[in-house]
Amino acid sequence: MATNDRRNTRPLRSNYEIGSSFWAVRRAQWRAMGLSDADMEKPKIAVINTSSELAICFNHLDGIAAVVKDAIREAGGLPFEVRTAAPSDFIHSAGNAGKYILPSRDLITNDIEVQVEGAQLDGMVCLASCDKTAPGQLMAAARLDIPTIFVICGYQRSGHLGDEHVDIEEVFLGAGHHAMGAITLDRLRTMSEEAIKSPGVCSGMGTANSMHTVCEALGMTLPGHAPVRADSRKMLDNAAAAGRRIVDMVWEDLRPRQILTEAAFENAVRSVFAVSGSINTVKHLQAVATEADSNVDVYGLYETLMDSSPVLVAVRPNGTSSIEEFEDGGGARAVLKQLGPLARHEALTVTGQTLGETLADWAPPDDTVKPATAPLSDKPAIVMVRGNLAPDTAIIKLGLRYDRKLKVSGPAVCFDNPISAIEGLKTGKVGAGDVLVLRGLGVRGGPGMGMASRVVFAIEGAGLGEEIAVVTDGQLSGLVNKGLVVGEVTPEAHGGGPLGLIRDGDVITIDVLARRVDVDLDQAEMDARRAALPPVGHSGQRGWLSVYEGEVQPLSRGAVLIPPRD
């Protein structure tokens with residue numbers, strides 16, 4: 001790591017002019033809290049904590065925050081614990097048809113800005129946990145551009161029913177099966193009782209573990225920190241190391257925008273392909289790049305890198321490896337090492353060294369993560385597609401499953417919400433050979449980007465996972481995707497996007513190898529249908545979703561709330 005040669009040699013923005021009103025009123029408050037004048041001269045570090053009693057992924061974070069704060073004090077800093085929103089997809093998607101989930105990411109970013117920038121703190125340690133906390137925190141780091149380091153707060157232990165593995169995503173999938181009569185209520189109840197055995201995030205390679213891998217691939221964690229067992233000795237040691245390191249980063253003035261370069265984003269994208277990660281990483285990484293005022297086109301990186309980015313490890317449900325085996329095999333660090341020359345080794349990391357320097361004398365402990373020269377698959381786990389139905393882009397998650405039908409054509413059966421789609425499946429309105437169109441779930445149309453996965457799981461529960469394709473502008477589970485599903489179609493249906501012009505019976509063709517999703521309509525017919533649409537009005541939402549609807553940018557900008565600069 002970098003040395004402390006600049007310690008105490010540069011002014012800190014948090015040290016106000018002595019005698020000024022800012023200094024006086026802050027000193028009055030902090031002296032009443034027991035802080036000394038010497039404390040107030042130290043680097044002031046925000047410990048960003050999303051602790052919550054609402055979800056198991058967050059309810060262990062107070063203990064981690066305490067370890068981080070002790071380490072900051074030991075290193076000569078002054079920690080301040082800062083709380084933000086703590087969204088869990090499995091808890092907070094119940095209200096308003098799941099439309100709070102993506103907007104909660106941006107709420108976290110703005111929470112952090114208000115508290116850290118308003119107080120002019122010098123650095124941040126972010127406790128990364130569930131799906132939206134890591135991206136929201138990365139976005140804040142990119143926006144504020146003050147020294148920041150991430151602590152990966154771990155994955156939960158999953159359970160078993162006899163010899164059968166069961167975790168939270170299998171419960172989610174099981175609910176879709178139960179909706180179609182494929183499993184009993186007693187079976188679903190037992191699954192829900194056995195799925196989770198400790199705090200932490202979902203134990204498979206879903207959005208949380210994908211984003212934890214991304215944090216390390218971007219260079220925003222210390223080496224070897226992702227993934228990690230929640231509440232393990234290793235996790236607590238990692239937290240302490242990050243707490244010590246952030247103080248030196250403040251003195252070194254090592255900032256996120258020095259780290260979040262195009263090389264770093266390329267490493268992150270390569271790593272997502274290598275672990276067959278969540279498609280949600282695409283919009284989240286684009287949001288981070290946008291917040292960093294970077295011109296990096298993350299969607300473009302996924303498109304240009306996908307055919308040269310092999311799969312190196314297959315963690316459940318992509319394959320048979322457990323998340324524990326991935327951690328023990330070196331985790332994200334092993335992925336970056338095994339990518340070899342595909343990785344951008346010149347990228348800077350929070351250590352003050354380049355990625356190449358951190359990897360130089362390290363080797364994976366076993367062969368869980370394969371080398372890029374002998375991968376599990378040389379075909380892309382995530383496929384970006386375009387076409388007249390998705391002129392900007394859309395995403396298909398294939399993982400290792402290239403044995404399915406990769407080209408399908410069928411008549412569209414259209415639904416404007418998940419409830420009606422599931423009812424249509426039950427009543428036979430949609431059946432084998434059809435292409436189910438689920439629309440109106442985009443960032444503006446939601447507003448907030450609704451979840452399409454329960455429809456996909458119901459199709460699987462009906463035994464039609466390989467017989468009904470899905471095309472949607474909604475988002476999908478980061479972990480379990482069944483059948484041939486085209487997600488996050490852009491432009492979205494709302495406002496005249498092509499998906500909103502489709503009528504029942506229009507023939508849709510999905511061709512994975514050609515990277516296409518098209519509808520058999522000529523441009524003149526699509527223009528005529530668009531012209532006949534009623535004017536776009538406000539959804540009638542109030543509160544946070546109304547703010548989000550008015551400000552959210554398209555997915556090509558990561559669905560951030562900041563408009564492009566003139």
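Q: What volume does the second largest pocket have, and what counts as a pocket?
A: On a 1 Å grid over the protein atoms alone, a pocket is an open set of points with protein on both sides within 12 Å along at least five of seven lines, while a cavity is a set of points where a 1.4 Å probe fits but cannot get out; lining residues have an atom within 4 Å of a point. Grid points are joined across faces, edges and corners, and a volume is the space filled by probe spheres set on the points. Here, the second largest pocket has a volume of about 370 Å³. It has 17 lining residues, and Gly 440, Ala 493, His 494, Gly 495 and Gly 500 are the closest to its centre.

Q: Before we go on, what kind of model is this?
A: This is a predicted model, where local features need pLDDT of at least 70 and side-chain atom pairs count only at pLDDT 80 or more, but totals for chains, interfaces and linings use all residues. Residues are numbered from 1 along each chain as its sequence is written, and side-chain values use heavy atoms, with hydrogens and water left out.

Q: How do the residues lining the second largest pocket divide by class?
A: Sort them like this: Ala, Val, Leu, Ile, Met, Phe, Trp, Tyr, Cys and Pro count as nonpolar, Asp, Glu, Lys and Arg as charged, and the others, Gly among them, as polar. For the second largest pocket that gives six nonpolar, eight polar and three charged residues.

Q: And what about the largest pocket: what is its volume, and which residues lie nearest its centre?
A: The largest pocket has a volume of about 530 Å³. Its lining has 36 residues, with Asp 89, Phe 90, Ile 91, Ser 93 and Phe 172 nearest the centre. By class, 20 are nonpolar, eleven polar and five charged. Helices α3 (89-92), α6 (168-179) and α8 each give at least two residues to this lining. Those labels come from DSSP runs: helices are H or I with at least four residues, strands are E with at least two, and both are numbered from the N terminus.

Q: How many cavities of 30 Å³ or more are there in the whole structure?
A: A search finds four cavities of 30 Å³ or more. The largest cavity has a volume of about 80 Å³. Among the residues lining the largest cavity are Glu 216, Arg 333, Thr 349 and Leu 355. Five lining residues are nonpolar, four polar and two charged.

Q: Is Thr 213 buried or exposed?
A: Buried means under 20% relative accessible area, exposed over 50%, and partly exposed in between (1.4 Å probe, protein chains only). Thr 213 has a relative accessible area of 2%, so it's buried. You'll find Thr 213 in helix α8, residues 207-217. Contact means heavy atoms within 4.5 Å. Leaving aside neighbours within four places in sequence, Thr 213 is in contact with Ala 226, Ser 271, Val 275, Phe 326 and Ala 332.

Q: In which sense do strands β1 and β2 pair?
A: Two strands pair if DSSP finds at least two bridges between them. Strand β1 (residues 44-49) and strand β2 (residues 78-83) pair in the parallel sense, over six bridges. For instance, Ile 45 has Pro 79 in β2 as its bridge partner.

Q: What should I know about peptide bonds and phi?
A: Most residues other than glycine have a negative phi, and most peptide bonds are trans. In this model, a cis peptide bond joins Arg 316 and Pro 317, with omega about 5 degrees, and another cis bond joins Gly 446 and Pro 447, with omega about -15 degrees. As for phi, Asp 253 has a positive value near 55 degrees, and Asp 253 sits in the loop between α9 (233-252) and α10 (256-259). Ala 559 also has a positive phi, about 60 degrees.
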